[in-house]
Amino acid sequence: MAGARQETRAETATADREIVISRVIDAPRELVFEAFTEVRHLSRWWGPEGFTTTTQSFEFREGGVWDFVMHGPDGTDYSEWISWTEIAPPERIALLHGESRDDPNAFESVLTFEPDGAATRIEMRTVFPTKELRDEAIEKYHVIEGGRQTLSNLAAYVTEIVRKGAEG
């Protein structure tokens with residue numbers, strides 16, 4: 001029982017620094033998880049509406065790194081860096097995400113993949129180093145809407161794979 005109380009306290013301690021976005025995707029959990037593990041998939045759906053992604057390097061393993069550039073619809077390039085800190089197929093991925101390896105403002109995200117009948121519920125829980133950085137990400141970079149659009153792109157991508165598989 002003490003463990004449950006401690007976990008609740010830990011969640012309360014980060015509440016003003018976190019963003020949680022979730023979505024149910026009409027595809028099997030293994031496929032939704034796989035869409036995060038292979039660069040051939042990620043490059044097809046990653047990012048908000050109108051963004052494209054160019055990968056410099058990609059190694060999906062604990063301690064591995066994904067170096068990439070997101071290209072905004074207005075032509076702005078955003079250098080991005082992700083280090084995979086925990087991988088538990090097909091249930092969970094934890095990562096550190098910033099502009100570069102030494103980014104002091106990098107944030108942590110945990111993605112969970114839960115079966116929901118034949119579908120998958122994905123939850124993205126992101127914790128920023130400070131409340132101010134979270135607030136800036138919301139106000140300046142519109143990360144909540146961007147996160148929703150990214151999960152929408154993922155849903156459309158894996159749903160199309162399922163549809164094509166059913167036709168094949």
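T126 is buried, at 9% relative accessible area; buried means under 20% relative accessible area, exposed over 50% and partly exposed in between, with a 1.4 Å probe and protein chains only. This is a predicted model, in which local features need pLDDT of at least 70 and side-chain atom pairs count only at pLDDT 80 or more, while totals for chains, interfaces and linings use all residues. Residues are numbered from 1 along each chain as its sequence is written, and side-chain values use heavy atoms, with hydrogens and water left out.

T126 sits in strand β7 (residues 119-127). Strands (E, at least two residues) and helices (H or I, at least four) are DSSP runs, numbered from the N terminus. Leaving aside residues up to four places away in sequence, T126 touches R17, E18, I19, F107, E108 and S109; contact means heavy atoms within 4.5 Å.

Now to K131, which lies in helix α4. K131 counts as partly exposed, at 34% relative accessibility. With residues up to four places away in sequence set aside, K131 touches D16 and R17. Between K131 and T14 the C-alpha distance is 8.7 Å, although they are 117 residues apart in sequence.

Both residues also make side-chain polar contacts (N or O atom pairs within 3.5 Å; within protein, one able to donate a hydrogen and the other to accept it, and residues adjacent in sequence counting only if both atoms are side-chain atoms):

| Side chain | Partner side chain | Distance |
|---|---|---|
| T126 | S109 | 2.8 Å |
| K131 | D135 | 2.6 Å |

D135 is itself buried in α4 (residues 131-141), as are L133, R134 and A137. The buried residues of α4 pack against β1 (18-25) and α5 (143-167). After α4 comes H142, with a positive phi near 55°.
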